[in-house]
Amino acid sequence: MRYKFFYNSFFFSIAFFWLITAAGVEAEEVIKKGELLNMDTCVEIALKKQPNIVAAKSTVNVNQSRVGQAKANYYPQVDLTSGYSRTSPVSRTDHNSSDQYTGSATLKQNIYDFGRTSTQVDIQNLNLDSSKSDLANVTAQIILNVKQSYYGVLAAKKNRDVADETVKQFQSHLEQAKGFYEVGTKPKFDVTKAGVDLSNSRLNLIKAENSLRLAVVTLNNAIGVPDAPEYTIEDNLSFLKSGIVFTEAIERAYKNRQDLTSLVFKRQAAEKSIKLAETGYYPVLTGNAAYNRSGEKFPLGEGWNAGVTLSFPIFSGFLTKYQVEEAKANLDVLKANEELLKQNIFLEVQQIYLNLEEAEERIPVAEFAVKQAEENLELANGRYAAGVGHPIEVTDAQVGLINAKLSHIQALYDYKVALANLEKAMGTK
């Protein structure tokens, strides 16, 4: 017995280990180590792996099932019942007991309910359409998150490269200052000043490398693979003017925004709910049939019946009246929410569009500033190499170039993110 338990436990452990290993291999195969990913690939992975997508799809399935539930009243309802009872007399002197057997099959069919069932089906279909729009809205938000994180990694990488280049330049300047000091053409101050600048640049490099790591972690989370192996992404942090005009953006947003579409479906369902509540004032016509068998012993006696029933509500404590009022109030709430969302969409598109224009204007200015800063640094290095410049001039020129490059990178990032936000705000697929 103990041997059998040990054998089963060992087999279970091997099977469990194999399943875990297989799951780990499958997770790793989503992104291979060292793989080059582009934006589309990251979005594709996110749409498969993100839990929000799974939840939204499941909500669609829930509403699909509710449509089927609403349609159930179109079909006949069939029940089978059977029973057994034993009756004993109360008197102790009477020992005659009896058995009773029963069995029946009943059929019930809704004939006409003044649109109650059809309205319920319409409401659930509208709720289904609303959940599909919610799924599309969740998809759009996930795509936006991936784009923002993707551009964040690219910007952080460029910032890291600037910091690394700065360290090399200050290292070269330190060696130059040491050479001048050794031959007696420059004071010790130049060496110490260059050493301080180099140390500060190394600190900035450490911060830039950590910012890059954090950006990669954010992207991994956005694509739904937090434990992804190391990979690289394509650099598309370049400037290409969108050409979108504000009036077009607003028009497309009102037409394509899935959150607005979802709310429209909910409002239409609320309008149908008023009609559904009003059916409480009307009668319901149903047909029914039954076949019965009963008796104290076999074979049992049999019988059947069939007919129609008209049920007319006379008084229900004003229940229907208040249900209609509730449905109308819910409709007013949804109408107000729809109008509020339209106003928020207008504000959102307007703000994003202004940010996009501002980033567009900053990019060429930032590019020109980089060229000027590079020229200024070249002059400062030339003056220092000629023995007529001061180390502070070199430091200021180097800092100016760093700031110019970082500003250019930030402008490119802001433009890409603003464009991604505008596409999402417009409901662009």
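Me: What caps the N-terminal end of helix 2, and how do I read such a cap?

Reply: Start with the general idea: a polar contact is a pair of N or O atoms within 3.5 Å; within protein, one must be able to donate a hydrogen and the other to accept it, and residues adjacent in sequence count only if both atoms are side-chain atoms. Here Asn-38 is the cap, with a side-chain oxygen 3.3 Å from the backbone nitrogen of Asp-40. Helices (H or I, at least four residues) and strands (E, at least two) are DSSP runs, numbered from the N terminus. One caution: this is a predicted model, where local features need pLDDT of at least 70 and side-chain atom pairs count only at pLDDT 80 or more, while totals for chains, interfaces and linings use all residues. Residues are numbered from 1 along each chain as its sequence is written, and side-chain values use heavy atoms, with hydrogens and water left out.

Me: Which residues of helix 2 are buried?

Reply: Buried means under 20% relative accessible area, exposed over 50%, and partly exposed in between (1.4 Å probe, protein chains only). In helix 2 (residues 39–49), the buried ones are Met-39, Cys-42, Val-43, Ile-45 and Ala-46. They cover an arc of only 160° around the axis, so they sit on the same side of helix 2; the arc is that of the directions from the helix axis to the C-beta atoms. The face turned away from the buried side of helix 2 carries the exposed residues Asp-40 and Lys-48.

Me: Is Ser-262 buried or exposed?

Reply: Ser-262 belongs to helix 7 (residues 258–278) and is buried, with a relative accessible area of 2%. For contacts, look for heavy atoms within 4.5 Å. Leaving aside residues up to four places away in sequence, Ser-262 touches Ser-130, Ser-133 and Asp-134.

Me: What is the strand order in the open sheet?

Reply: Two strands pair if DSSP finds at least two bridges between them. This open sheet of 4 strands has the order 2-3-5-6, with antiparallel pairing. Strand 2 (77–87) and strand 6 (301–311) are the edge strands, each pairing on one side only. Between strand 2 and strand 3 (residues 98–112) there are 11 bridges, and Leu-80 stands opposite Ala-105 in strand 3.

Me: How many aromatic pairs are there?

Reply: Rings of Phe, Tyr and Trp (its six-membered ring) pair if their centres lie within 6.5 Å; planes under 30 degrees apart count as stacked, over 60 as edge-to-face and the rest as tilted. By this rule there are 10 aromatic pairs. One of them, Tyr-150 with Tyr-151, is edge-to-face, at 6.2 Å centre to centre and 90° between the planes. Both Tyr-150 and Tyr-151 are buried.
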